Amino acid sequence: MHTKLYTWSDKDFSSIGQIWKGTHPEDGLPLEVIEGAPAGVPIPESPELQEEFAPGISAEEFKEIAKRLKMAGNITD
């Protein structure tokens, strides 16, 4: 398993074989690029979650933050 690299796509990463080639440095087994995903359970399409990892700020809040940063950095327009 440690010698296999899945592209997770049939179209993307088509040139990765130029990098992932040769043999594994520890055990000498051949490295292999496999187009697509490993066999198993299909990966479901998840709905888009906006601002999942970072809260959004309003335009007014953004302007206020920029103003404070400029003042702290002695930056004038």
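Predicted model: local features only at pLDDT ≥ 70, side-chain atom pairs only at ≥ 80, totals over all residues.
Colleague: Good to know. What does the chain average in pLDDT, and where is confidence lowest and highest?

Modeller: The average pLDDT of the chain is 85, and 94% of the residues reach at least 70. By element, helix α1, residues 59-72, has the lowest confidence with a mean of 88, while β2 has the highest at 94.

Colleague: Back to Trp20, then. Is Trp20 buried, partly exposed or exposed?

Modeller: The general idea is that a residue under 20% relative accessible area is buried, one over 50% is exposed, and anything in between is partly exposed. Trp20 is partly exposed because its relative accessibility is 27%.

Colleague: Which residues does Trp20 touch, apart from those up to four places away in sequence?

Modeller: Trp20 touches His2, Thr3, Lys4, Leu5, Leu31, Glu32 and Val33.

Colleague: Glu32 turns up in both contact lists. With which residue does Glu32 form a salt bridge?

Modeller: The general idea first: side chains of opposite charge can pair when their charged atoms come close. In this model the count is 1 salt bridge. The pair is Glu32 and Lys4, with 3.1 Å between the closest N and O atoms. Since Glu32 belongs to strand β2 and Lys4 to strand β1, the pair ties together parts that are 28 residues apart in sequence.

Colleague: How accessible are Glu32 and Lys4?

Modeller: Glu32 is partly exposed at 35% relative accessibility, and Lys4 is partly exposed too, at 33%.

Colleague: Let me try a residue in a loop. Where is Ser9 found, and which backbone nitrogens does its side chain reach?

Modeller: Ser9 is in the loop between β1 (4-6) and β2 (32-34). Its side chain reaches the backbone nitrogen of Lys11 at 3.1 Å. A polar atom of the Ser9 side chain also lies 3.0 Å from the backbone nitrogen of Asp12. Beyond residues up to four places away in sequence, Ser9 touches Glu35 and Gly36.

Colleague: Why does Ser9 count as buried?

Modeller: Ser9 counts as buried because its relative accessible area is 16%, and the cut-off is under 20%.

Colleague: Where do Phe13 and Asn74 sit, and are they buried or exposed?

Modeller: Phe13 is in the loop between β1 and β2, and at 56% relative accessibility it is exposed. Asn74 is in the segment after α1 and is exposed at 71%.

Colleague: Which residues form the nonpolar patch on the surface?

Modeller: The patch consists of Ile57, Phe62, Ile65 and Leu69, with about 410 Å² of accessible area together. One of its members, Phe62, is found in helix α1. Phe62 counts as exposed because its relative accessible area is 53%.

Colleague: Last topic, distances along the chain. What separates the C-alpha atoms of Trp20 and Leu69, and those of Pro42 and Lys21?

Modeller: Trp20 and Leu69 are 49 residues apart along the chain, and their C-alpha atoms are separated by 45 Å. For Pro42 and Lys21, 21 residues apart, the C-alpha separation is 28 Å. Pro42 is in the loop between β2 and α1, and it is exposed at 68% relative accessibility.

Notes:
Residues numbered from 1 in each chain as written. Heavy atoms only, no water. Helix = DSSP H or I, 4+ residues; strand = E, 2+ residues; numbered from the N terminus. Buried < 20%, exposed > 50% of the residue type's maximum accessible area, 1.4 Å probe, protein only. Polar contact = N/O pair within 3.5 Å; in protein donor to acceptor, adjacent residues only side chain to side chain. Contact = heavy atoms within 4.5 Å. pLDDT = per-residue confidence, 0-100. Patch = residues over 30% accessible without salt bridge, like charges linked within 9 Å, V, L, I, M, F, W, Y side chains within 5 Å. Areas by Shrake-Rupley, 256 points an atom, 1.4 Å probe, with all protein chains shown as cover. Salt bridge = Lys/Arg side-chain N within 4 Å of Asp/Glu carboxyl O.
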